[in-house]
Amino acid sequence: MKKACLAALMLGMVIMVPGCGFTEGTDAVVTVIDATPTPEPTPTPEVTPTPEATPTPEATYEQSPSGLSIRVISAVYTVNEAVNLRSDCSTDSDIMASAAAGEQLTVTGICDENGWLRVAYSDGGVYYVSGDYVTAVTQ
């Protein structure tokens, strides 16, 4: 009986193994899973140092003949109407020359106290003119 059971068991296995439906090469199914790649680490950007602010140069001051403070500048102004050029920044000072309307003047300083301008005039002289009679030329 042991031999019969063993023979039946062997026969059952012989029938079952080919009957499981797997035939190599024809019914094989392969499932491909797309794996997410490991991301490359993002490089840390280089930190650009913040440049230091360039300090604004301090204004340079000089004095007019009467002792008023003149802030040194460099600009071009146009004469609005004929104007007197004086020896100091006041209407009480002597008239040294005159400038015609439309003439351009090279300004080398300004008196912040009263708005008069120091002018390097074309005849080589240094004179003063009221800021009321001239307009700055924009560059």
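Strands here are DSSP runs of E with at least two residues, numbered from the N terminus. By that reading, S130 sits in strand β7, which spans residues 126-130. Keep in mind that this is a predicted model. The protein has one helix and eight strands, and along the sequence they come in the order α-β-β-β-β-β-β-β-β.

**Overall picture**

- Of the protein's 139 residues, 21% count as buried.
- The protein exposes about 10900 Å², and 58% of that comes from carbon and sulfur atoms.
- Take the contacts with a separation of 6 or more: 49% of them are accounted for by residues 24 or more positions apart.

**Nonpolar cores**

- As a bit of background, nonpolar side chains tend to be buried together in soluble globular proteins.
- The largest nonpolar core in this model has 15 residues. The ones with the most contacts inside it are L85, A99, L105, L117, Y121, V129 and V134.
- Strands β2, β3, β4, β5, β6 and β7 each put at least two residues into this core, and β5 gives the most, with three.
- A second, separate core has six residues, including I70, C89, C111 and W116.
- Back in the largest core, A99 is one of the residues with the most contacts inside it. Leaving out residues up to four places away in sequence, A99 touches V79, E81, A82, V83, L85, L105 and Y121.

**Salt bridges**

- The structure holds two salt bridges.
- One of them joins the side chains of R118 and E62, at 2.7 Å from N to O. R118 belongs to strand β6 (residues 116-120) and E62 to strand β1 (residues 61-63), so this pair ties together parts that are 56 residues apart in sequence.
- R71 is in strand β2 (residues 69-79) and D112 is in the loop between β5 (104-110) and β6, so the pair links parts that are 41 residues apart in sequence.
- R71 is partly exposed, with a relative accessible area of 26%, and D112 is partly exposed too, at 44%.

**D88, a buried charge without a salt bridge**

- D88 lies in the loop between β3 (83-86) and β4 (95-99).
- D88 is buried yet has no salt bridge. The nearest side chain of opposite charge is R118, 9.6 Å away; a salt bridge needs a side-chain nitrogen of Lys or Arg within 4 Å of a carboxyl oxygen of Asp or Glu, so R118 does not qualify as a partner for D88.
- R118 has its salt bridge with E62 instead.
- What D88 does have is a polar contact, side chain to side chain, with S64 at 3.2 Å.
- Setting aside neighbours within four places in sequence, D88 is in contact with S64, P65, S66, S93, W116 and Y128. Of these, W116 is also listed in the second core.

- Beyond residues up to four places away in sequence, S130 touches G115 and W116.
- A82 is in the loop between β2 and β3 and is exposed, with a relative accessible area of 61%.
- The C-alpha atoms of A82 and S98 are separated by 7.1 Å, with the two residues 16 apart along the chain. Not counting residues up to four places away in sequence, A82 touches A99, A100 and A101.
- A120 is in strand β6. At 35% relative accessibility, A120 counts as partly exposed.
- The C-alpha atoms of A120 and T106 are 5.6 Å apart, and these residues are 14 apart along the chain. With residues up to four places away in sequence left out, A120 touches T106, T108 and G125.

Conventions: Residues are numbered from 1 along each chain as its sequence is written. This is a predicted model: local features need pLDDT of at least 70, side-chain atom pairs count only at pLDDT 80 or more; totals for chains, interfaces and linings use all residues. Side-chain values use heavy atoms; hydrogens and water are left out. Helices (H or I, at least four residues) and strands (E, at least two) are DSSP runs, numbered from the N terminus. Buried means under 20% relative accessible area, exposed over 50%, partly exposed in between (1.4 Å probe, protein chains only). Contact means heavy atoms within 4.5 Å. Accessible areas come from the Shrake-Rupley method with a 1.4 Å probe; for residues, only the protein chains shown count as cover. Lys and Arg count as positive and Asp and Glu as negative; His and the chain ends are not counted. A polar contact is a pair of N or O atoms within 3.5 Å; within protein, one must be able to donate a hydrogen and the other to accept it, and residues adjacent in sequence count only if both atoms are side-chain atoms. A nonpolar core is a set of buried Ala, Val, Leu, Ile, Met, Phe, Trp, Tyr and Cys residues joined through side-chain atoms within 4.5 Å.
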